[in-house]
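Could you help me learn to read a protein model, feature by feature? I would like to hear the general idea and then the case at hand.

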Amino acid sequence: MLYRAILLLSCAALAGARAEDAPAKAPLELAVIVHPKNPVAKLSMAELRAYLKVEKEFWPDRKHCDVYLPQSATDEYDVLLQKIYRMSHKKLQKYWERRLFWGEISAKPSYVRNARAAGQEVMK
């Protein structure tokens, strides 16, 4: 069985709230979604970064990890750029293109339109 990807989303998005409904200075909290049968219960920030940058492609039990990301121009995506990728959107796109060109990855991570779509992908 393939464990579907990890995905970073805001807790507000998981609850169905829109980011603009949150108080202006409220910190954006994040959640990682994995398939319920995935044995990984805890990830360090370094491990999370490695999975989301597709530096690690397999879970410890050797099942493939597919990565799904929130759409660009969302609060969740901005947090990913700042905290995980540590680069701008433009630099991230070049990062993926370079890794594809050199054969380091077979495809860029997929994007999902919202938390519901994310949950559906992870549960497949």
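The dialogue below goes through this predicted model one feature at a time.

Q: Where do I begin, and how many helices and strands are in the protein chain?
A: Begin with the elements. The protein chain has five helices and four strands. Reading from the N terminus, their order is β-α-β-α-β-α-α-β-α.

Q: What share of the residues in the protein chain is buried?
A: Of the 124 residues in the protein chain, 38% are buried. As for the surface, the accessible area of the protein chain is about 7800 Å², and carbon and sulfur atoms account for 53% of that.

Q: Among contacts between residues at least 6 apart in sequence, what percentage join residues at least 24 apart?
A: In the protein chain, 63% of those contacts join residues at least 24 apart.

Q: How do I read two packed helices, and at what angle do the axes of H2 and H3 cross?
A: In general, a pair of packed helices is described by the angle between the axes and the distance between them. Here, the axes of helix H2 (residues 45–52) and helix H3 (residues 75–85) cross at roughly 115° and come within 10 Å. On the H2 side, the contact is made by Met45, Leu48, Arg49 and Leu52, and on the H3 side by Leu80, Lys83, Ile84 and Tyr85. Sorted by class, this contact of H2 with H3 has six nonpolar and two charged residues, and no polar ones.

Q: Which residues of H3 are buried?
A: Those in H3 are Glu76, Tyr77, Val79, Leu80, Leu81, Ile84 and Tyr85. Leu80, Ile84 and Tyr85 are also among the residues that make the contact with H2.

Q: How do I read aromatic pairs, and how many are there?
A: Look at how far apart the ring centres are, and then at the angle between the ring planes. The count here is five aromatic pairs. Take Tyr77 and Tyr111: their ring centres are 6.2 Å apart and their planes stand at 55°, so this pair is tilted. Tyr77 belongs to helix H3 and Tyr111 to strand E4 (residues 110–112), so the pair links parts of the chain that are distant, 34 residues apart.

Q: What kind of pair do Tyr95 and Trp96 form?
A: Tyr95 and Trp96 form an edge-to-face pair, with 5.0 Å from centre to centre and 65° between the planes. Both Tyr95 and Trp96 are buried. Together with Tyr85, these two residues form one aromatic cluster.

Q: What is there to look for in the backbone, and what is the phi of Arg62?
A: As a general idea, most residues other than glycine have a negative phi. Arg62 is not a glycine, yet its phi is positive, about 75°. Arg62 lies in the loop between H2 and strand E3 (68–70). With a relative accessible area of 73%, Arg62 is exposed.

Technical notes: Residues are numbered from 1 along each chain as its sequence is written. This is a predicted model: local features need pLDDT of at least 70, side-chain atom pairs count only at pLDDT 80 or more; totals for chains, interfaces and linings use all residues. Side-chain values use heavy atoms; hydrogens and water are left out. Axes are lines fitted to C-alpha atoms, for helices over the stretch in contact, and angles run from 0 to 180 degrees between N-to-C directions. Contact means heavy atoms within 4.5 Å. Ala, Val, Leu, Ile, Met, Phe, Trp, Tyr, Cys and Pro count as nonpolar, Asp, Glu, Lys and Arg as charged, and the others, Gly among them, as polar. Rings of Phe, Tyr and Trp (its six-membered ring) pair if their centres lie within 6.5 Å; planes under 30 degrees apart count as stacked, over 60 as edge-to-face and the rest as tilted. Buried means under 20% relative accessible area, exposed over 50%, partly exposed in between (1.4 Å probe, protein chains only). Accessible areas come from the Shrake-Rupley method with a 1.4 Å probe; for residues, only the protein chains shown count as cover.
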